[in-house]
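Thanks for coming. I have one structure to go through today, and I will take it a piece at a time.

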Amino acid sequence: MTADYEFLTVDTVADYVRSVPRLAQRINPDALVSVREIGDGNLNLVFLLGDATGRGLVLKQALPYVRMVGEGWPMTPERARFEVDSLRAHHALLPEHVVEVFDYDPERFIIAMEDLSDHWVWRGALNEGLTHDGAAAAMGRYVGAVAFGTSALALKRKELAKAVAAAVNPELCLITEDLVFSEPSVDAGRNSVLEQNKKDATDLAADEEFVTAMGRAKWLFMTKGEALIHGDLHTGSVMVRSPEGSNTCDSVKAFDSEFAFYGPVAYDIGCLWANYVIAAARAFALGDEPRAEWALGMIQQTWDGFEGELRARWSDRRDARVWREPFLEQLLADWNEESRLFAAAELARRTVGAAKTKDIETLPEDLREGAARGVLLAARRFVRVRDDSGTPQDLATLASDTLRESRTS
Ligand code: SR1
Ligand code: MG
């Protein structure tokens, strides 16, 4: 595929910044002291620039293909526009928990944004054994603010219609629909597991109850356009920072929302929950039970942050005449149940599918076997929890029991 726009390189970013006058207040392109390509995701180029006065800037450019595979898997670079629009909308709702965008170049699909190089990517921090208390609750608040602030609960009817239309993102949604909901049970040639886990993957695909639940999850994802969700809210989409010597976050920010669209609120919660379970699977495999229980404790913390944010905003809902208190309770009950379902999907796809996690993949094979088995079994058990029962803490307990019995350490 030939691209009709120029890709950034470490040698051309200074010229690029010079060509965008709006960026002059952010960084001095004539006094750059460092330029690094730091993209470690599956899709894009990311450059971190620093100047002699200590200012920093991030430039993120969408490629016309999936970076982790190459040109053989084309993907629209328009995804950068969905990312910018959603980050701006989300930042307006909860600025402290969303990265700030400074500029967008729609011709070269380049986003200029805040330098967070004094933060960790949360997944990286988790894998290093670091603790960032407060991050899980903050991300719950973020999902709650978005659920309320971008939905019919807050927007006027015409504003809502415009926002929904602007966020129709079928190319990126299709990736999720395939990779997350279909392919864990129907391999399209992208799945892989250790030889020792082949039976676990086969058992998952043969589990009628699981596959039926994934069919329902996919249906919800494709039809339930409740709010402008992040769309890929795993621990690699969150930056965290704690002061030196402290385990408590002083900054937590969501980023990387190119999969944003009007979808089910519970998808974002389920993705977070699944990635806490995956972090716990790593900790169990490494023999660190307290850390595993700490990771699973984040399931309830995210829920509490989410519920608290919704309740705090509830009095501002647009139609209190019919959206009465029992409706809020019903919404919360539905979202809790759907979050379990989406968590199951994310657990399965991150274990057998194309986009795995470093949490599990960097474990030695003998330990990885049990961790992967536990995660797949948790996915199958999550979909079996009765619709109307179970708190997030109950789900954490189920995950703990499952990971504990499956580990091979
Ligand atoms: C082809 S993109 C693979 C995955 O990377 C992103 O992080 C999303 O999760 C997507 O499904
Ligand atoms: Mg991403």
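I'll begin with a loop residue, D256. At 14% relative accessibility, D256 counts as buried, where buried means under 20% relative accessible area, exposed over 50% and partly exposed in between, with a 1.4 Å probe and protein chains only. D256 is found in the loop between β11 and β12 (261–263). Its phi is near 65°, a positive value in a residue other than glycine. As background, most residues other than glycine have a negative phi. F109 is another case: its phi is near 55°, again positive and again not a glycine. F109 is found in the loop between β6 and β7, and with a relative accessible area of 9% it is buried.

Some housekeeping before I go on. This is a predicted model, in which local features need pLDDT of at least 70 and side-chain atom pairs count only at pLDDT 80 or more, while totals for chains, interfaces and linings use all residues. Residues are numbered from 1 along each chain as its sequence is written, chains are lettered from A and ligands numbered from 1 in the order in which they are written, and side-chain values use heavy atoms, with hydrogens and water left out.

Now the chain as a whole. A compact globule of 409 residues would have a radius of gyration near 22 Å, and the chain, at 21 Å, agrees with that. That radius is taken over C-alpha atoms, and the globule rule is 2.2 Å times the number of residues to the power 0.38. The C-alpha trace spans about 60 × 60 × 50 Å along its principal axes. Of the 409 residues, 56% are buried.

Back to β11, residues 251–254. β11 belongs to an open sheet of 3 strands in the order β8-β10-β11, with antiparallel pairing; two strands pair if DSSP finds at least two bridges between them. The edge strands are β8 (120–121) and β11, each pairing on one side only. Strand β10 (residues 238–241) is joined to β11 by 4 bridges, and V238 has A254 in β11 as its bridge partner. Between β8 and β10 there are 2 bridges, with V121 opposite M239 in β10. Helix α4 (residues 135–149) lies across β10 and β11, at about 45° to β11. For angles, axes are lines fitted to C-alpha atoms, for helices over the stretch in contact, and angles run from 0 to 180 degrees between N-to-C directions.

W122 is in helix α3 (residues 122–127). It is buried, with a relative accessible area of 0%. Leaving aside neighbours within four places in sequence, W122 is in contact with residues including A135, A136, M139, V238 and V240, contact being heavy atoms within 4.5 Å.

The other sheet is open as well, with 5 strands in the order β1-β2-β3-β7-β6 and antiparallel pairing. β1 (32–37) and β6 (101–105) stand at the edges with a single partner strand each, so one side of each has no neighbour in the sheet. The twist averages 15° from one strand to the next. β1 pairs with strand β2 (residues 45–51) over 5 bridges, and the partner of L32 in β2 is D51. Helix α2 (residues 79–93) lies across β3 (56–61), β6 and β7 (110–113), at about 155° to β6.

Last, a helix pair. Helix α7 (residues 198–205) packs with helix α13 (residues 365–382) at an angle of about 10°, their axes 10 Å apart. The two are therefore roughly parallel; the cut-offs are under 35 degrees for roughly parallel, over 145 for roughly antiparallel, 65 to 115 for roughly perpendicular, and oblique for the rest. D200, A201, D203 and L204 of α7 meet R373, L376 and R380 of α13. What does that contact consist of, by residue class? There are 3 nonpolar, no polar and 4 charged residues.

Conventions:
Ala, Val, Leu, Ile, Met, Phe, Trp, Tyr, Cys and Pro count as nonpolar, Asp, Glu, Lys and Arg as charged, and the others, Gly among them, as polar.
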